[in-house]
Amino acid sequence: MNHFSQEIIAIVPAAGIGSRMQAQCPKQYLPLAGSCILSVTLNVLLSHPAISRVVVALHPQDEYFAKLPEAQHPKLTQVIGGGERVDSVIAALASLHEVDAWALVHDAARPCLTHQDIDKLIASQRQFPQGAILAAPVRDTMKRASGNGCIDTTVPREALWHALTPQFFPALQLKQILQQAVAAGVNVTDEASAMEWAGIMPGLVSGRADNIKVTHPDDLPLAQLYLSHHQHIKQALE
Ligand code: C5P
């Protein structure tokens, strides 16, 4: 049980075309666990009791979403996304009328998110009132490449983390900072990078490393495996 007092709204940028997957359709619509990646992701968020609404940002020419069962869900609304991920997130945030809400921004392409990790991130607001992100410590030895394809140096990994999603911030402040960062020409690859640019240092909340972003064709069977593993654990606990 969490004791978060503000409303929590999930924002799902799903307007990408997923060119790195080399698939027939945008990657969020590729089959997974009997439905598709986006359906699985949306279901994790829609079924979480602390999340009051889910806003999904879609490509202007999206012809798949309306056919998903989640499109009719009473907690779900749709907006048209933009040219970059950050534009899609801004479009979704701009549609909110709740002034005090917190936004939980989560990539459509990360279907293996668990309710436990969402709970952990929400609970972290006590420690990190400025907002926080799920992240995973780097495990491998890290190398910086030189221009000629060789190793330039080994980078100490102790302080390095993979930034995951969800990323959790006050919605209105996040929208304003994202807009300012874009206007200033900052390359905003996640919400935290815009907050950092504004001098606000988000908390790092250690999340599950299996919360992968499906990016390449090889990632899909891995996501399937992780999901079945989560299902087995859930069944064993019931
Ligand atoms: O391409 P990548 O995997 O980095 O995209 C991360 C997320 O951002 C995906 O869920 C994708 O659909 C979304 N996105 C978006 N609008 C864009 C580009 C990407 O909503 N213009």
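## Largest pocket

By class, eleven nonpolar, eleven polar and nine charged residues form the lining of the largest pocket; Gly counts as polar, and Asp, Glu, Lys and Arg as charged. A pocket is an open set of points on a 1 Å grid over the protein atoms alone, where a 1.4 Å probe fits, with protein on both sides within 12 Å along at least five of seven lines; lining residues have an atom within 4 Å of a point. The model is predicted, local features need pLDDT of at least 70, side-chain atom pairs count only at pLDDT 80 or more, and totals for linings use all residues. Residues are numbered from 1 along each chain, and side-chain values use heavy atoms, without hydrogens and water.

The volume of this pocket is about 730 Å³. Among its 31 lining residues, G16, R20, R85, D107 and K213 lie nearest the centre.

## Ligand

The ligand takes up the space of the largest pocket, meaning that more than half of its atoms lie within 2 Å of the grid points. Around the ligand are 15 residues, the closest being P13, K27, G82, S88 and K213; each has a heavy atom within 4 Å of the ligand.

Oxygen atoms of the ligand lie 2.8 Å from a polar side-chain atom of K213, 3.0 Å from a polar backbone atom of G16 and 3.1 Å from a backbone N or O atom of A108.

## Second largest pocket

The second largest pocket has a volume of about 530 Å³. Of its 19 lining residues, L113, T114, H230, Q231 and K234 are closest to the centre. Seven lining residues, the largest share, come from α6.

Technical notes
A polar contact is a pair of N or O atoms within 3.5 Å; within protein, one must be able to donate a hydrogen and the other to accept it, and residues adjacent in sequence count only if both atoms are side-chain atoms. Grid points are joined across faces, edges and corners, and a volume is the space filled by probe spheres set on the points. Helices (H or I, at least four residues) and strands (E, at least two) are DSSP runs, numbered from the N terminus.
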